[in-house]
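Please open the model in a viewer and keep the selection panel at hand.

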Amino acid sequence: MIPFSFSSAFCDFLYYAPHPMHIRLLLRTVLAASLLTSLAAAQEQASSGPHTPAPATAQSRKSKIENPKSRWFHPRRYLDPYWTLADRVRQAEIVEMLAALAQGSPPAPGKGWFHEGESRYGWQWLTQRYDQDDDQTISPNELPSEAAELFARLDRDEDGLLKADDFDWSESAPFVKQSAQARRFFGPLDDDHNGRLTREEWQDFFERAALGGEAITPDDLRAALFPPEPAKDDDDPTPLGLLKGFVTGELGSVYEGPALEQRAPDFELADNHGRRRIRLSELYGKKPVVLIFGSFT
Amino acid sequence: MEELHRRYGEQAEFLAVYVREAHAGDGVWPGKFTKDDAGTPIHQPTQMAERIGVADRCCEVLEISMPLLVDELDDRVGRAYSGMPDRLYLIDHDGRVAYKSGRGPFGFKPGELEQSLVMLLLDQCQ
């Protein structure tokens, strides 16, 4: 639905004319062009797609007569479909991301296309099923007896009760903030960056922080966790860098992927040893499938 | 994710899909930490054998025990799932999406996926 034909000219432009004014101008043009062409495409789809209204019956003709908005001279008859389409286009992730870049927003949770996760299951689902006394908490005896272990896995704060807080994954949730803080401290200790701290890495950190001594003071710890920043290099992406990242896909895929409750696109791929080829659809019916996408860097 | 695989490997199928490098050495934001054996940053593989080699190294360093599927050079699976740079999905028995994480790196929350998986298993108990 969203056109991408500008990519080649767009890349050339970024490499040869990197003036910020040009970039802002380009972004606005791209945004406006995307909006206009998407509107046209969406309108075309709406008129020829599966939602094409059936031929008017006597009933629908009657309702048209009764509904003043359906009369030819009523402005809402023409404006409403366009507002609906404009909303749909505004919600297209590529448009959201371009709009965020045009405003100079660096990549951050909740900005552009960096949305929160979506799930069929959550606190609401759980309370509707299991909150028998309707007190907005779920105790272990409200769940089936065979689910004791699962209960423990859901009880994120380990207070023995399931509450709405246990299911809040937004950036403002205390648990999520604590996790982010823990990761910040974890990083400097994890020498090989494999996501696991070994006893040896822990010991190495102690040696570094203690500076050959036998104990660590709060100041030693601060110095080891937050060493002096090197001279400001280009770590923080510039608006031009962000645009390049958008074009090269380093800011994320321009595609949106299947939505919640949609059928997962089928695929067949070989593993890294070349020993096995796995077709996703052949796994259905046996167990649920967890897909983890990622790379080394 | 390895911990989740260990914990729920009997009840769910775990598949890792290796997609194009997010911060290759020749990209806009070269990765600061991930280097190959010779200490040079990893570049974006342009041949399938090269991509499999990087996936192998990734599997070894991150000690990945689940099957690591390597996406084709045209990134067909990564694109179909919007899987770059990283992302999580939970697919139910009928092949429908029951959980879709936000885009990585911010949306990559294994704990959130675990809760959805646990509730899907609870749903099955009924």
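This is a predicted model. Begin by selecting the strands of an open sheet, which has 6 strands in the order β1(A)-β4(B)-β3(B)-β4(A)-β1(B)-β2(B) and mixed pairing. At its edges lie β1 (118–119) of chain A and β2 of chain B, each of which pairs on one side only.

Next, select strand β4 (residues 289–294) of chain A together with β1(B): the two run parallel and are joined by 6 bridges. Within this pair, display Ile292(A), whose bridge partner in β1(B) is Ala16(B). Then display Phe293(A), which has Val17(B) as its bridge partner in β1(B).

Helix α2(B) lies across β1 and β2 of chain B and runs at about 160° to β2(B). Helix α4(B) lies across strands of both chains, namely β1 and β4 of chain A and β3 and β4 of chain B, and runs at about 0° to β3(B).

Colour the contact between the chains next: 79 residues come from chain B and 65 residues from chain A. On the chain B side, the elements that give two or more residues are β1 (13–18), α2 (48–61), β2 (68–70), α3 (76–80), β3 (87–91), β4 (97–100) and α4 (110–125). Of these, α4(B) gives the most, with 12 residues. By class, this side of chain B has 46 nonpolar, 15 polar and 18 charged residues.

Of its 297 residues, 19% count as buried.

Key
Residues numbered from 1 in each chain as written. Chains lettered and ligands numbered in written order. Predicted model: local features only at pLDDT ≥ 70, side-chain atom pairs only at ≥ 80, totals over all residues. Contact = placed C-beta atoms within 7 Å. Helix = DSSP H or I, 4+ residues; strand = E, 2+ residues; numbered from the N terminus. Nonpolar A, V, L, I, M, F, W, Y, C, P; charged D, E, K, R; others polar. Pairing = 2+ DSSP bridges. Buried ≥ 20, exposed ≤ 12 C-beta atoms within 10 Å, placed from the backbone. Axes fitted to C-alpha atoms, helices over the stretch in contact; angles between N-to-C directions.
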